[in-house]
Amino acid sequence: MKLDNGKKRIVVKIGTSTITHDTGKANIALIARLARVLSDLKNEGHQLILVSSGAISVGMGRLRLSEKPREIECLQAAAAVGQSELMFLYDRLFSEYDVVVSQLLITFDELENRESGFHLINTLNQLLEYDCLPIVNENDSVSVEELVSGDNDCLSATVAKVTNADLLVILTDTDGLYDGDPSKNKNAKLISRVDKIDDGIRSVTGCAGKRGTGGFVTKINAAEIAVSSGIPVYIVNGSEPANIYKAVNGENIGTYFKAVEK
């Protein structure tokens, strides 16, 4: 769906390491800035979908767990606690800008199933028509896929694909994709633009977030899903949510992945 007057349908994904402190608890100040930026973009006439990680980390903080559990059932329990905490924060902070948020907990199986996928897509489209801001996360309390592989990145790309989004912005804890690990190699250089995702790009894995489950492997996979569907992708530093403005305006920020022309 292309919006009128140059407005865009934008999917924004924020990662665990960006949305939480080192303690694992929610970074309320950052979430507040994110809410302000996304609300302002909505006021401009854009449609926004937020794919948010962080439920497990926030749940661990609430449960006072000092280490990330290894057992799947413990991770799922932490996700169940953290998801309600995250949605409380999102609802409260977005309400300051009179933005109505909604929660969608989904799995890849549901998206890939013809009937359930059809209904999910219809629900997302209707929420956008109601001027809501859908907040999406994988349903970690019943699905183990994201717990193991960190596929909220790919989930965001799939959501962008099925909703015919115009842009995917992935917020992470680095400035973008580097040609090496910047935490270990001071000479690592930022790759500002990727015109084609080839084996050379796939071999660049970058750094995994400190509290996340993914890393740049899943981000590249996500970018490939999006660009092959004609959707450009930006990977930018989420510590300053105002970077989203630059991505929406097509400015030089982070790593830009060019969409495949159809």
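This is a predicted model: local features need pLDDT of at least 70, side-chain atom pairs count only at pLDDT 80 or more; totals for chains, interfaces and linings use all residues.
Helix H2 (residues 28-43) packs against H4 at an angle of about 50 degrees, and their axes lie 9 Å apart. That angle makes H2 oblique to H4.

**H2 against H4**

- The crossing in which H2 passes H4 is right-handed.
- On the H2 side, the contact consists of Ile28, Ile31, Ala32, Leu34, Ala35, Leu38 and Ser39; these residues meet Leu86, Leu89, Tyr90, Leu93 and Phe94 in H4.
- By class, eleven nonpolar residues and one polar residue form the contact of H2 with H4, with no charged residues.

**H3 against H4**

- H3 and H4 pack with their axes 6 Å apart, at an angle of about 95 degrees.
- H3 is therefore roughly perpendicular to H4, as angles of 65 to 115 degrees are counted in this way.
- From H3, the residues Ala55, Ile56, Val58, Gly59, Met60 and Arg62 take part; their partners in H4 are Leu75, Ala78, Ala79, Val81, Gly82, Gln83, Glu85 and Leu86.
- The contact of H3 with H4 has nine nonpolar, three polar and two charged residues.

**H8 against H10**

- Helix H8 (residues 152-162) and helix H10 (residues 216-227) have axes 8 Å apart and pack at an angle of about 10 degrees.
- Because angles under 35 degrees count as roughly parallel, H8 is described as roughly parallel to H10.
- H8 contributes Asp153, Cys154, Ala157, Thr158 and Lys161 to the contact, while H10 contributes Thr218, Lys219, Asn221, Ala222, Ile225 and Ala226.
- Sorted by class, the contact of H8 with H10 comprises five nonpolar, three polar and three charged residues.

**The second largest pocket**

- The second largest pocket holds about 180 Å³ of space.
- Its lining consists of Lys25, Ala26, Ile28, Val58, Gly61, Arg62, Arg64, Glu85 and Leu89.
- Helix H3 (55-62) and helix H4 (72-95) each supply at least two residues of this lining, and the largest share, three residues, comes from H3.
- Four nonpolar, one polar and four charged residues make up the lining of the second largest pocket.

**Residues in both pocket and helix contacts**

- Ile28 and Leu89 line the second largest pocket and also belong to the contact between H2 and H4.
- Val58, Arg62 and Glu85 are likewise lining residues of the second largest pocket, and they take part in the contact between H3 and H4.

How values were computed. Residues are numbered from 1 along each chain as its sequence is written. Side-chain values use heavy atoms; hydrogens and water are left out. On a 1 Å grid over the protein atoms alone, a cavity is a set of points where a 1.4 Å probe fits but cannot get out, and a pocket is an open set with protein on both sides within 12 Å along at least five of seven lines; lining residues have an atom within 4 Å of a point. Grid points are joined across faces, edges and corners, and a volume is the space filled by probe spheres set on the points. Helices (H or I, at least four residues) and strands (E, at least two) are DSSP runs, numbered from the N terminus. Ala, Val, Leu, Ile, Met, Phe, Trp, Tyr, Cys and Pro count as nonpolar, Asp, Glu, Lys and Arg as charged, and the others, Gly among them, as polar. Axes are lines fitted to C-alpha atoms, for helices over the stretch in contact, and angles run from 0 to 180 degrees between N-to-C directions. Angles under 35 degrees count as roughly parallel, over 145 as roughly antiparallel, 65 to 115 as roughly perpendicular and the rest as oblique. A crossing is left-handed if the near helix is turned anticlockwise from the far one by less than a right angle, and right-handed if clockwise. Contact means heavy atoms within 4.5 Å.
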